[in-house]
Amino acid sequence: MSEVFVLELDGNIGIVRFSVEQEAMNTWSDQAFLSFNRVLTQIEGEKNLRGVIFISGKPDNFLAGANLKQLSQIASREEARYVMDNFHGSFSRLAALPMPTLAAVHGYCLGGGLEFALACRAIIAKEGKTTLIGLPECNVGLFPGGGGTQRLPRLIGYPAVELILRGTMLTAAKALELGILDRLLPPETDLLAEAKKFLAAIIADQAILTRPTHDFSQIDAIIDKAREQALKLSRGRELPGPMGALKSIREGVKVSLDKGLMIEKENFIDVVLTNEAKGSINTFFLKGMTDKPKSLMTKGFTPKTIDRLVVLGLGTMGRGIVIDTLRHTKMLVTAVDIPEALTAGRDGVKKILEGMAEKKKLREPVNDLMNRLEVVSGYESCRNADLIIEAVFEDIKLKETVYREVSALARPEAIIASNTSSIPINSMAPFVLYPERFGGLHFFSPVWLMQLVEIIRGDKTGQNTIDNLLHYAALIQKRPIVCKDYPGFVVNALLSPYIMFSLKYLEEGNSIEKIDGALTDFGMPVGPIQLIDSVGIDIPYKVALGKGEKQDTLKNMVASGRLGLRKSGRGFFLPDGKVDPEALPFIATRPGRTMTPEEIRQGLLQEMVKVGKRLLELGIVADPRFIDVGMIWGVGFPADTGGPLKWADLTGLSKELWGRNFY
């Protein structure tokens, strides 16, 4: 295996090129550190060297940081200490070299890559689309543990606190402005040639790199304020990564750099072993898996061109599909609805687009987008459609009428998809002329804010149809999961027992406040009772009826006209978020069972995980990761858990119930 770091001598200048073999990105691994330390030994032995340049051998990245997979597998303090000793020992050895060292950066310089550069005497960078500089570790449940919490504040002062806490990735120009870089070069520059000139200037006069001395007398106040912001973002939860970062900065800048690095190391060891860190890293990989839907398509598949989209229905969901298609693509979009709904539908689309324009979230003027939208009351436009998405009211008789009319007009190669959330794809397939061209495309509301889309394969849905729906999801920048037809598909299938058991606990005498609080304390955006109220109390009631389940609380609420605060102005809650005391008499009663918040939380999540296991056993989804993607991006399951199935693995629930893990 070839060396990752290789030293070349250019007169009295050392040039170290580095590249991790057969990997797109340079990252730190055991092999990389062994090679790096061998190069440091060489440098220390070259008595005539007057300076050293470190430069990547890859065309579009410097060094992207630690190997997250390796970090996620650390199981003991001893393993963690070994990894941290590699980082700290190597970077401290680099910083102690007697000659000037220069990091020559192009492409990604992130996490342990930036910490490596910060241990050099100076940093020069070349501008480019991929030249991003930062310490994003807090975004993956960790914090900068290779010296970042100590060297960056000492270099740029208080701004380092927010950069570390938010995990901000800076452009090269912004990094220069903040003082992270010493020189910035235009994109067309020969980086190595300019690095040699800059290093020669440093050797001639090291005073050109005089660093400012920062006053950290206000560090406690700054950290306290940053901590408040972090708790606000986490809804009051003290997540180990951000808290460890703030603790390391607060304590570390008050002592020498060496002592500060020791503080950072011990705090990092504590954090990397937490379930929150491991769960967050899993979420990072889930994001990467679904960032590019093309990777989920059949290998070698060539997608069909989609120039014309027809959306059937201009209600909330139909409008959302129209909005995301217009703002992310150049497609011509036709929306079909009854005549009296067209004006309101079109105006609703325009209003939301105008709101996005005010927030600078559109790449084109609103009028240009609206000019690509046609609203009509007939189905003639289906004759020329490449893709037809049905988003009409959830009534199978209505859908049958729509599909029979539309499929008689649509071209044989056109794809038809349903946005249904409750009616099986297999129940509707007989209404379509070419069922192999028919599948599910279940969006989440509001479509323009929610990333997830479920792509549902009916018994007769062709693989080409699934691949083309993945292609459409990519065009409108959605995060897709693929599943077979099943009641509730993935997300609603897991939510159903979560909701029904929360009502059971409520009827057993546990308060709404205690039930919802148990889950918001866990990290859910809202509790289960609040979720019922938000989606509309009649929705889970209809689902229960459809399954033949008795649910008296929902029955009582619906019969009284309490369909939820948003839907009818009355539900379980008052406008100020407090429980409506007038709703309490409608709660049915069962034999009492007082539960602790922990018992409630564990009980509800366990029911959710059981459904996830069933979906895997039945082959509804092929991979546990799709279930976790669905719950994180579909309902806001806390990202630091890694999703419900990863959470079950990390907490030991999987082995307790079934003797093995999902992952």
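Reader: Let me start with one side chain. Is Phe-116 buried or exposed?

Author: First, a caution: this is a predicted model. Now the idea. A residue counts as buried when its relative accessible area is under 20%. Phe-116 has a relative accessible area of 0%, so Phe-116 is buried. Phe-62 is buried too, also with a value of 0%.

Reader: How many aromatic pairs does the count give?

Author: The count comes to 27 aromatic pairs. Phe-62 and Phe-116 form one of them.

Reader: What is the geometry of the pair of Phe-62 and Phe-116?

Author: Look at the angle between the ring planes. Planes under 30 degrees apart count as stacked. Here the angle is 15°, and the ring centres are 5.8 Å apart. The pair of Phe-62 and Phe-116 is therefore stacked.

Reader: Which parts of the chain does this pair tie together?

Author: Phe-62 sits in strand β4, residues 61–63, and Phe-116 in helix α4, residues 112–118. The pair therefore ties together parts that are 54 residues apart in sequence.

Reader: What kind of pair do Tyr-403 and Phe-438 form?

Author: An edge-to-face pair. The planes are at 75°, with 5.3 Å from centre to centre. This pair links distant parts of the chain. Tyr-403 belongs to helix α16 (residues 396–409), and Phe-438 to strand β16 (residues 438–443). They are 35 residues apart. Both Tyr-403 and Phe-438 are buried.

Reader: Which helix gives the most to the lining of the largest cavity?

Author: Helix α3 does, with three residues. Helices α1 (30–45), α2 (68–72) and α3 (77–95) each supply at least two. Next, sort the lining by class. The residues divide into six nonpolar, four polar and one charged.

Reader: What lines the second largest cavity?

Author: The second largest cavity holds about 50 Å³ of space. Ala-410, Pro-412, Ile-416 and Tyr-434 are among the residues lining it. Arg-411 and Arg-437 are there as well. By class, this lining has six nonpolar, one polar and two charged residues.

Reader: Where does a charged side chain lie over the face of a ring?

Author: Arg-479 lies over the face of Trp-633, at 4.5 Å from the ring centre. In another case, Lys-646 lies over the face of Tyr-663, at 4.9 Å from the ring centre.

Reader: Last topic. How many disulfides does the structure hold?

Author: Start with the idea. A disulfide is a covalent bond between the sulfur atoms of two cysteines. This structure holds zero disulfides. Take Cys-109: the nearest cysteine sulfur, that of Cys-120, is 9.5 Å away. A disulfide needs the two sulfur atoms within 2.5 Å, so Cys-109 is in none.

Reader: Is Cys-109 buried or exposed?

Author: Apply the rule we began with. Cys-109 has 1% relative accessibility, so Cys-109 counts as buried. Cys-483, at 2%, also counts as buried.

Conventions. Residues are numbered from 1 along each chain as its sequence is written. This is a predicted model: local features need pLDDT of at least 70, side-chain atom pairs count only at pLDDT 80 or more; totals for chains, interfaces and linings use all residues. Side-chain values use heavy atoms; hydrogens and water are left out. Helices (H or I, at least four residues) and strands (E, at least two) are DSSP runs, numbered from the N terminus. Ala, Val, Leu, Ile, Met, Phe, Trp, Tyr, Cys and Pro count as nonpolar, Asp, Glu, Lys and Arg as charged, and the others, Gly among them, as polar. On a 1 Å grid over the protein atoms alone, a cavity is a set of points where a 1.4 Å probe fits but cannot get out, and a pocket is an open set with protein on both sides within 12 Å along at least five of seven lines; lining residues have an atom within 4 Å of a point. Grid points are joined across faces, edges and corners, and a volume is the space filled by probe spheres set on the points. Buried means under 20% relative accessible area, exposed over 50%, partly exposed in between (1.4 Å probe, protein chains only). Rings of Phe, Tyr and Trp (its six-membered ring) pair if their centres lie within 6.5 Å; planes under 30 degrees apart count as stacked, over 60 as edge-to-face and the rest as tilted. A charge sits over a ring if NZ of Lys or CZ of Arg is within 6 Å of the ring centre and within 35 degrees of the ring normal.
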